[in-house]
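Work through the exercises below with the sequence and the model open. Each task is followed by a solution in steps.

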Amino acid sequence: MSKAAFLTLDTEAFSETTCLGGKEVADEAGEGLFALLDLFEKYGAKCTLFLTERGLSLWGKQLAGRRGTEFAIHAREHEPALGQTEERLTSTLLTMREEVRRTLGAGAVGYRAPCFGIDETIIKTLKRCGFCYDSSALNYRNERHGRLDLSSWRKVSDVVYEKDGFFEFKPSVARAPWGKFPVCGGAYMRMTPWAVAKPVLRRHLARSDAFLFYAHPFEVMRKLPLPKGLPFASRLYVTRGRKQFLERIERMLGMLLEGGYEWFTPAGYLRTLRKNGGDGR
Ligand SMILES: [Zn+2]
């Protein structure tokens with residue numbers, strides 16, 4: 001199989017962003033979502049959206065039938081999955097899957113935990129609910145949120161792992177001169193100066209056989225409505241590097257094409273794997 005690039009968006013509304021602490025804001029990041037989707041479309045790129053209930057109700061109509069887009073589950077209200085009872089998580093997964101089917105006419109077989117908070121228990125619940133893949137194992141300074149030990153999983157490619165017929169699509173983390181660096185996107189790629197991030201990304205893409213990127217719609221919005229009294233660290237997290245991020249993402253798409261990467265969604269990749277005689281069940 002050719003080098004695979006997976007573009008993913010965590011499609012919660014801006015009000016649901018964890019660091020806002022539940023404060024409501026008027027704008028719901030639709031501008032950012034469609035700017036990203038239009039950019040991906042310009043490059044013929046496929047994309048996977050991890051949805052919340054509010055995201056689905058805000059943008060579902062405009063998203064239905066959008067070509068090259070795969071839908072997957074993020075959460076109901078962006079609540080962390082870690083620490084939830086199995087019953088509660090099961091109810092979230094099944095309810096959201098049904099809502100995606102009803103609103104978008106599409107099946108959802110994938111999941112990403114809010115804030116990449118994942119562990120083996122959640123994987124077991126996903127399997128029991130009939131999901132085929134997870135995409136939460138960032139495993140980077142993520143102790144607060146949990147991690148998934150992939151050492152006993154079979155490595156299919158640099159970002160795809162398999163265990164007992166279930167797949168993990170892991171956000172990309174590079175080896176940089178100073179240590180590990182998540183080139184997979186989000187705040188890591190948005191807030192780090194491009195002169196620093198670019199060479200690490202370029203080297204990583206040259207030596208990898210697969211790449212997984214993620215972003216949030218709010219990260220490319222031109223104007224971000226900020227609630228009053230937002231702590232300085234949260235304000236910095238949501239605002240820094242936002243104006244240049246869309247342009248950076250476009251440069252990254254160019255680098256992926258130059259590097260011989262082909263666009264995939266996780267479910268599409270598993271279908272290709274199955275067709276090629278791999279065991280993407
Ligand atoms: Zn999220």
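## Exercise 1: the zinc site

Along the chain, the donors of the zinc ion are spaced as E-x61-H-x3-H. The model is a predicted one.

**Task.** Determine which atoms coordinate the zinc ion, and classify the geometry of its site.

**Solution.** 
1. The coordinating atoms are two OE atoms of E12, NE2 of H74 and NE2 of H78, at 2.0 to 2.7 Å.
2. The angles among the four donor atoms run from 50 to 134°. A tetrahedral site would need all angles between 85 and 135 degrees, and the site of the zinc ion is irregular.
3. E12 belongs to the loop between β1 (3-11) and α1 (30-42), and H74 to the loop between β3 (69-73) and α3 (86-104), so this pair ties together parts 62 residues apart in sequence.
4. Buried means under 20% relative accessible area. E12, at 5% relative accessibility, counts as buried, and H74, at 1%, counts as buried too.

## Exercise 2: a cysteine in a loop

**Solution.** 
1. For a distance across the model, take C19 and M255: they are 236 residues apart in sequence, and their C-alpha atoms are 31 Å apart in space.

## Exercise 3: nonpolar cores

**Task.** Find the residues with the most contacts inside the largest nonpolar core, then examine helix α9.

**Solution.** 
1. In soluble globular proteins, nonpolar side chains tend to be buried together.
2. The largest nonpolar core has 63 residues, and those with the most contacts inside it are F40, L63, Y111, I249 and L256.
3. Apart from that core lies another, of 15 residues, including F167, A210, L212 and Y269.
4. Y269 is also one of the buried residues of helix α9 (residues 266-275), along with P266, A267, G268, L270 and L273.
5. Just after α9, G277 has a positive phi of about 85°.

## Exercise 4: enclosed cavities

**Task.** State how many cavities reach 30 Å³ or more, and describe the lining of the largest cavity.

**Solution.** 
1. There are two cavities of 30 Å³ or more.
2. The largest cavity has a volume of about 40 Å³. Its lining consists of M189, W194, F213, F245, R248, I249 and M252.
3. Helix α8 (residues 242-258) contributes the most to this lining of the largest cavity, with four residues.
4. By class, the lining of the largest cavity has six nonpolar, no polar and one charged residues.
5. The second largest cavity, of about 30 Å³, is lined by H74, A75, E79, A81, Q84, L89, T92 and Y111. H74 is also a zinc donor, and Y111 is among the residues with the most contacts in the largest nonpolar core.
6. The lining of the second largest cavity divides into four nonpolar, three polar and one charged.

How values were computed
Residues numbered from 1 in each chain as written. Predicted model: local features only at pLDDT ≥ 70, side-chain atom pairs only at ≥ 80, totals over all residues. Heavy atoms only, no water. Donors = N, O, S within 2.8 Å, 3.2 Å for Na, K, Ca; no water. Tetrahedral: all angles 85-135°; square planar, octahedral: opposite > 155°, others 65-115°. Helix = DSSP H or I, 4+ residues; strand = E, 2+ residues; numbered from the N terminus. Buried < 20%, exposed > 50% of the residue type's maximum accessible area, 1.4 Å probe, protein only. Core = buried A, V, L, I, M, F, W, Y, C linked by side-chain atoms within 4.5 Å. 1 Å grid on protein atoms, 1.4 Å probe; cavity = no way out; pocket = protein on both sides within 12 Å on 5 of 7 lines; lining within 4 Å. Points joined across faces, edges and corners; volume = space filled by probe spheres on them. Nonpolar A, V, L, I, M, F, W, Y, C, P; charged D, E, K, R; others polar.
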